Amino acid sequence: MVDNKRLLDLFKHLISFDSPSFGEQDICGFLKRKLKGLGIEAIEDSSAEKIGGTCGNLYAYIDGTLGLEPILFCAHMDTVEPAINKKMITHSDGKITSDGTTILGADDCSGIAAIIESLTVLKERNLPHRPIEILFTAAEEPYCRGIREFDFTMLKSKEAYVLDLSGPVGTAANQAPTILSFQAYFSGKAAHAGFAPEEGIHALKAAALAVSQIPCGKSGDTTVNIGTISGGTADNIVPDSCVVTGEIRSLSDENASQQLSIITDVMKNAAKNYGAEVTVKNTRNCIAYCTDTNHRVSKRFEKVCQKLGLDGKLCSTYGGSDNNHLALHGISGLVAATAMNNCHSLSEYTSEAELIRAAKLTLVLMLSQE
């Protein structure tokens with residue numbers, strides 16, 4: 001029932017919009033008009049002014065013709081950089097890439113295209129379906145800034161499919177991590193490095209000692225990374241300040257907190273070793289969740305995939321998404337793969353066949369009476 005040409009034309013049009021995080025007004029306006037053309041009134045919330053963006057989250061409710069519980073379908077409108085003047089190239093084998101100077105934007109235009117095409121089929125064929133809620137979020141890439149400001153009292157659904165995972169269509173993540181970012185501010189004492197270095201307290205060396213003692217990489221279900229270190233003002237001045245930033249990801253929220261505590265202690269001991277001081281701050285960007293494989297939202301996905309000849313594989317991911325925040329509000333969901341690969345890079349790609357599979361999967365999920 002999916003119109004392949006219409007779907008691919010829609011995807012190409014979505015790609016043509018410049019929609020970096022906090023700058024999605026054009027694609028948001030297009031989606032409003034597109035939904036209105038289907039007889040669906042979309043509401044843009046007021047989150048733009050709260051996050052410093054050009055548009056808010058876009059929400060719509062579609063009445064159902066079946067006496068079933070509503071289901072939410074979610075995708076994000078923004079893309080990572082570089083994303084200005086994106087040009088889509090379709091290769092002879094059906095592979096779709098950018099021209100190599102920008103990302104493609106399949107993350108997450110593939111998810112948006114799948115939702116819009118599915119709604120179009122429902123409307124034009126007047127197919128019976130359950131109530132459906134749609135949420136297109138702003139500024140998802142920078143730790144889900146848009147959805148954090150969404151008014152969750154608007155939602156009626158207790159189940160969701162977030163179309164925002166890389167990998168083959170027919171895969172979905174039922175588990176994702178807590179993501180903590182941290183910043184350590186080391187304070188020392190400035191002194192002339194040539195005339196009186198002994199009068200200084202070397203903040204950068206204290207920070208370097210701490211960094212050298214923090215294991216980076218993966219251990220069990222937890223990953224740690226030191227991302228930046230910066231400090232000092234001149235070669236002949238003992239640096240009196242240094243800032244270290246990093247990130248912790250864990251499939252266990254408790255383990256993430258424990259790791260932060262360990263890192264904080266390392267920072268404090270390193271500062272003490274040099275007579276410096278340190279203040280450690282952190283931001284909890286996402287909270288870990290795990291949707292039961294026996295939950296109805298999981299079983300429905302598996303049955304629909306089986307019907308379409310797809311794997312129906314559930315997995316864990318170390319990427320955060322809007323689903324982390326839906327879970328915080330009592331909504332059980334999966335993050336479904338929707339034809340995006342090598343995301344967040346200039347080598348990002350999709351394919352015509354996978355885009356079509358993603359749209360078919362989305363449509364059958366909307367039509368499911370499970």
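Q: In which sense do β11 and strand β12 pair, and over how many bridges?
A: This is a predicted model. In it, β11 and β12 (residues 222–231) pair in the antiparallel sense, and three bridges join them.

Q: Which residue of β12 is the bridge partner of Ser219?
A: The partner of Ser219 in β12 is Thr222.

Q: In what order do the strands of that open sheet come?
A: The sheet has five strands in the order β11-β12-β14-β9-β15, with antiparallel pairing.

Q: And which are the edge strands?
A: The edges are β11 (217–219) and β15 (277–286), each of which pairs on one side only. On average, neighbouring strands of this sheet are turned by 20 degrees against each other, with direction ignored.

Q: Which strands does helix α6 lie across?
A: Helix α6, residues 203–212, lies across β9 (178–187), β12 and β14. Its direction runs at about 20 degrees to β14.

Q: What does helix α7 touch on the sheet?
A: Helix α7 (residues 253–273) packs on the sheet and touches β9, β12, β14 and β15. The direction of α7 makes about 10 degrees with that of β9.

Q: Changing topic to β6: how many of its residues are buried?
A: Six of the six residues of strand β6 (residues 132–137) are buried, so the strand is largely enclosed by the rest of the structure.

Q: Which residues lie on each side of β6?
A: Ile132, Ile134 and Phe136 are on one side, and Glu133, Leu135 and Thr137 are on the other. Both faces are covered, as all of these residues are buried. In general, side chains in a regular strand alternate between the two faces of the sheet.

Q: How does β2 run relative to β6, parallel or antiparallel?
A: Strand β2 (residues 58–62) and β6 run antiparallel and are joined by five bridges. Within that pairing, Leu58 has Phe136 of β6 as its bridge partner.

Q: And β3, parallel or antiparallel to β6?
A: Strand β3 (residues 71–76) and β6 run parallel, with six bridges between them. Here Ile71 has Ile132 as its bridge partner in β6.

Q: What volume does the largest pocket have?
A: The volume of the largest pocket is about 420 Å³.

Q: Which lining residues lie nearest its centre?
A: Of the 21 residues that line the largest pocket, Glu141, Asp164, Gly319, Gly320 and His344 lie nearest the centre. By class, the lining has eight nonpolar, seven polar and six charged residues.

Q: Which strands each supply at least two residues of that lining?
A: Strands β7 (159–165) and β14 (241–250) each supply at least two residues of the lining of the largest pocket.

Q: How many cavities of 30 Å³ or more are there?
A: The count comes to one cavity of 30 Å³ or more, and the largest cavity has a volume of about 30 Å³.

Q: What lines the largest cavity?
A: The lining consists of Thr79, Val80, Ile103, Gly105, Asp107, Glu141, His344 and Glu348. By class, two of these residues are nonpolar, three are polar and three are charged. Glu141 and His344 also belong to the lining of the largest pocket.

Q: Finally, where does Asn323 lie, and is this residue buried or exposed?
A: Asn323 lies in helix α9 (residues 322–328). Because its relative accessibility is 0%, Asn323 counts as buried.

Q: What does Asn323 touch?
A: Not counting residues up to four places away in sequence, Asn323 touches Val162, Tyr289, Gly333, Leu334 and Val335.

Methods: Residues are numbered from 1 along each chain as its sequence is written. This is a predicted model: local features need pLDDT of at least 70, side-chain atom pairs count only at pLDDT 80 or more; totals for chains, interfaces and linings use all residues. Side-chain values use heavy atoms; hydrogens and water are left out. Buried means under 20% relative accessible area, exposed over 50%, partly exposed in between (1.4 Å probe, protein chains only). Helices (H or I, at least four residues) and strands (E, at least two) are DSSP runs, numbered from the N terminus. Two strands pair if DSSP finds at least two bridges between them. Contact means heavy atoms within 4.5 Å. On a 1 Å grid over the protein atoms alone, a cavity is a set of points where a 1.4 Å probe fits but cannot get out, and a pocket is an open set with protein on both sides within 12 Å along at least five of seven lines; lining residues have an atom within 4 Å of a point. Grid points are joined across faces, edges and corners, and a volume is the space filled by probe spheres set on the points. Ala, Val, Leu, Ile, Met, Phe, Trp, Tyr, Cys and Pro count as nonpolar, Asp, Glu, Lys and Arg as charged, and the others, Gly among them, as polar. Axes are lines fitted to C-alpha atoms, for helices over the stretch in contact, and angles run from 0 to 180 degrees between N-to-C directions.
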